[in-house]
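Here is a friendly walk through one model, starting at its surface and ending with the chain as a whole. Please keep the viewer open as you read.

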Amino acid sequence: MITAVRDRVAAVRTVLHRATLAPVLLRVAVAVVTLLGLGLAYPAELLLDRLGLALLAVAVLPALAPRGHAPTVAILVGLVGWALSTTVYGVPVQLWRLLAVGSLLYLTHSLAALAAALPYDVVLAPDVVLRWSTRAGGVLLASAVLVVLMLAVAGQAAGPPFLLAALAGLAVAVGAVALLAALVRRR
């Protein structure tokens, strides 16, 4: 047991001595983006309570362990906060806030994936950051346009047909996730 602890401490020291600026800044960006996303998702009165400290811990976890389940947990905590905000606490749904929370939670996922792929001692070429930024910006722009279009359609179409279309869309999303999970297991 003591040997395992010593080995772990030695490994942490090695990482701290060999770490370069790019991966450290990337992990700081993961924490900041996650914290901003959670801060916008939750109502202000909850952020000033003990929950604010818990959200700070949740925001730091994906930066410390981007390869694990921490990014997924942080995103789910953000989604729960948005649902609580808009249903229980009656915070009105505003387009800018919806887009900001969605974008920040996507960036949490994307930055954590990039951080997980990079070792601590990598020297990152500017071209890599440019390509990643272009791709992430394209996804965010396409998502924002799609959200605005869907909100416009939702304003015109209400009632049972729209509910059925929303449920069909949810079923397609769940099916896509199940298909991807099955493909990963097959490999």
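This is a predicted model: local features need pLDDT of at least 70, side-chain atom pairs count only at pLDDT 80 or more; totals for chains, interfaces and linings use all residues.

Residues are numbered from 1 along each chain as its sequence is written, and side-chain values use heavy atoms, with hydrogens and water left out.

Accessible areas follow the Shrake-Rupley method with a 1.4 Å probe, and for residues only the protein chains shown count as cover.

Helix α4 (residues 50–64) gives the most to this patch, with five residues. Leu61 sits in helix α4 and is partly exposed, at a relative accessible area of 46%. Buried means under 20% relative accessible area, exposed over 50%, and partly exposed in between (1.4 Å probe, protein chains only).

## One salt bridge

How many salt bridges does the structure hold? There is one, and it joins Arg131 to Asp127, with the closest N and O atoms 3.2 Å apart. The term asks for a side-chain nitrogen of Lys or Arg within 4 Å of a carboxyl oxygen of Asp or Glu. Side chains of opposite charge can pair when their charged atoms come close.

Arg131 and Asp127 are separated by about one helical turn, because they are four residues apart in helix α7 (residues 126–156). Asp127 is partly exposed, at 43% relative accessibility.

## Two helices side by side

Helix α5 (residues 70–88) packs with helix α6 (residues 95–117) at an angle of about 170°, their axes being 9 Å apart. So α5 and α6 are roughly antiparallel, a label for angles over 145 degrees. Axes are lines fitted to C-alpha atoms, for helices over the stretch in contact, and angles run from 0 to 180 degrees between N-to-C directions.

## The chain as a whole

The chain has eight helices and zero strands. Both are DSSP runs numbered from the N terminus: helices are H or I with at least four residues, strands E with at least two.

Of the 187 residues, 24% count as buried. The chain exposes about 12400 Å², and carbon and sulfur atoms supply 75% of that.

How values were computed
Angles under 35 degrees count as roughly parallel, over 145 as roughly antiparallel, 65 to 115 as roughly perpendicular and the rest as oblique.
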